[in-house]
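Subject: Structure for you to look through

Dear colleague,

I am passing on the structure below, and after it you will find my notes on what turned up. Please keep the structure open while you read, so that each residue can be looked up as it is named.

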Amino acid sequence: MQTASSYEKVLLARSKDRPGIYDYIRTLFDGFIEFHGDRLYRDDPSIVGGIAMFHDIPVTVIGHHKGKTTEEQIAYNFGMTSPEGYRKARRLMVQAEKFGRPVITFIDTPGAYPGMEAESNGQSNAIAENLAFMSAMQTPSIAIITGEGSSGGALALAVSDRVWMLENAVYSILSPEGFASILYKDAKRASEASDAMKLTAQDLKQFGLIDAIIPEGKKMFLALDSMLLRELNRLMKMNKTALVEARYQKFREIDHMND
Amino acid sequence: MLLNDIFSQRKIMWNRMAQKRKRGQEKIKACPKCKMEYYSGEWKENQYICPSCHAYMPVPAKERVAYILDENSFKELFAQIITKDPLDFDGYEEKLQLNQRKTGMQDAFLAGVGKIENRKVAIGVLDGRFLMGSMGTAVGEKIVCLTEYAKKKNLPLIIFSASGGARMQEGLFSLMQMAKTATAIEQFKQKGGLFISCLTNPTTGGVSASYASLGDIILAEPGALICFAGPRVIEQTIGQTLPEGFQRAEFLLEHGMIDCIVERKDFRDTLSSILQMHL
């Protein structure tokens with residue numbers, strides 16, 4: 001795995017064999033109750049959210065849902081979220097803040113849905129409002145990029161106190177295919193684009209753009225469990241003002257210091 | 001009717017001859033829409049609106065500031081923030097230099113303070129001529145610095161956007177500017193600051209999906225393309241052509257996404273009126 005090229009990692013990150021949102025929920029949490037809908041228009045199935053117990057801590061869990069079989073993928077729109085999905089996520093985060101629950105997000109999306117209805121319903125507005133809300137949310141949050149973390153559609157769940165990536169996950173401004181078609185005018189040069197984009201967990205950790213890499217393999221869930229427990233305990237001890245200020249500084253500091 | 005035609009033709013001819021005497025040295029630029037040719041000074045005087053077909057052309061950031069602010073009241077801030085190349089991206093340095101030469105700007109964002117009808121404001125303008133007004137680390141950093149300045153000095157914040165979205169050549173660093181600018185704007189607003197976001201053609205992608213959509217008040221120029229995914233991307237996804245006017249300012253107004261549409265030449269007065277109601 002150490003020698004996988006960037007593009008091999010992109011393909012690995014997209015693999016249907018990787019755990020999906022319900023695998024993480026089943027393995028890491030107890031008593032999950034799923035909540036639906038944005039209270040404005042509809043329930044977007046590409047986002048799953050609800051409440052559960054993590055050890056003895058009540059938490060809010062939100063994540064992208066890609067599906068594994070073709071039927072599932074169509075039903076969940078391949079994990080491409082519409083404004084209603086981002087608004088559902090935001091509604092659940094507002095609720096988490098009110099009841100002092102930490103928010104844990106699982107990110108795996110090819111990007112926000114580029115469709116007519118999504119645009120008509122304010123895709124930009126929905127993403128922007130999520131960024132703004134998460135940035136000032138008065139409760140701890142941890143984001144885990146489990147597969148494909150692509151574009152604003154991924155970031156809309158990732159303005160968090162801690163941002164982690166699985167060893168073979170990727171996180172990027174756009175899919176390598178989209179990037180190649182814009183910059184090289186040729187979507188087939190995705191492999192080349194993947195190298196230039198520096199989208200692997202290892203690259204991004206080096207840049208300081210993510211906080212930790214979670215090793216994959218048999219002990220992945222165990223590692224994730226102990227990391228979550230340790231960091232949640234740490235974050236929950238902070239007072240709310242200090243927590244929000246630290247988050248402000250975390251994103252404020254992102255610049256070109258590391259080049 | 002024939003006589004009328006002759007008279008109006010003559011009038012246009014006389015006008016062109018007068019302009020030639022006055023501006024013979026200036027460059028001539030044709031309107032990309034109706035192909036009529038005008039001297040650069042005419043474009044500037046008419047706020048880059050075509051005198052014959054009234055199409056809106058992109059406005060250089062420096063000129064936008066001049067149209068909006070009281071004469072000679074603008075003072076540039078944060079000019080020292082310059083672009084770097086965090087990914088060491090092939091050809092990026094060269095591209096930056098070309099755009100710097102073309103626009104006379106260091107990067108796509110001009111920030112500063114000035115006055116509108118004697119009321120002090122923090123103002124920023126994205127210049128669409130510089131790498132499509134895309135937002136990389138320098139643009140993001142300047143927006144945040146300007147927002148923090150407005151917060152510290154208790155000033156209203158006005159930003160004019162024109163952008164193709166996040167800057168590809170800076171990869172995830174650019175995506176993070178969405179989080180960074182949204183974070184700064186949110187804190188500014190929570191502290192009571194007034195943010196007026198002005199959307200011009202085009203405001204798309206990572207810019208429209210971050211700070212630009214977070215205005216307390218969102219104004220837009222007529223006909224401006226405002227969207228997350230651009231028309232070409234959507235057409236590829238759904239495999240059909242989009243209806244006329246889709247994702248234009250008028251469409252967004254109808255769908256409840258912006259507060260109002262303001263003609264370019266009315267922007268200064270509208271901003272001034274809004275500011276008067278936020279003392």
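Predicted model: local features only at pLDDT ≥ 70, side-chain atom pairs only at ≥ 80, totals over all residues.

Leu131(B), although not a glycine, has a positive phi of about 45°, and its place is in the loop between strand 5 (119-126) and helix 5 (137-153) of chain B. Is Leu131(B) buried or exposed? With a relative accessible area of 14%, Leu131(B) is buried, since the cut-off for that word is a value under 20%.

Another backbone feature of chain B is the peptide bond that leads from Asn201(B) to Pro202(B), which is cis, with omega near -15°; Pro202(B) itself belongs to strand 7 (residues 195-204) of that chain.

Turning to chain B as a whole, its secondary structure consists of 10 helices and 10 strands. Its radius of gyration is 20 Å, close to the 19 Å that the globule rule gives for 279 residues, so chain B is as compact as a globular protein of that length. The C-alpha trace of the chain spans about 65 × 50 × 40 Å along its principal axes, and buried residues account for 55% of its 279 residues. Of the contacts in chain B between residues at least 6 apart in sequence, 65% join residues at least 24 apart.

The interior deserves a careful look as well. In soluble globular proteins, nonpolar side chains tend to be buried together. Here the largest nonpolar core has 156 residues, and those touching the most other members are Ile144(A), Tyr171(A), Ile196(B), Tyr211(B) and Leu271(B). Helix 6 (residues 171-190) of chain B gives this core its largest share, nine residues. A second, separate core, of nine residues, includes Cys31(B), Cys50(B), Met57(B) and Tyr67(B).

Finally, if neighbours within four places in sequence are left aside, the residues in contact with Leu271(B) include Ile68(B), Ile116(B), Phe160(B), Ile196(B) and Leu219(B).

With best wishes

Note on methods
Residues numbered from 1 in each chain as written. Chains lettered and ligands numbered in written order. Heavy atoms only, no water. Helix = DSSP H or I, 4+ residues; strand = E, 2+ residues; numbered from the N terminus. Rg over C-alpha atoms; globule rule 2.2 N^0.38 Å. Buried < 20%, exposed > 50% of the residue type's maximum accessible area, 1.4 Å probe, protein only. Contact = heavy atoms within 4.5 Å. Core = buried A, V, L, I, M, F, W, Y, C linked by side-chain atoms within 4.5 Å.
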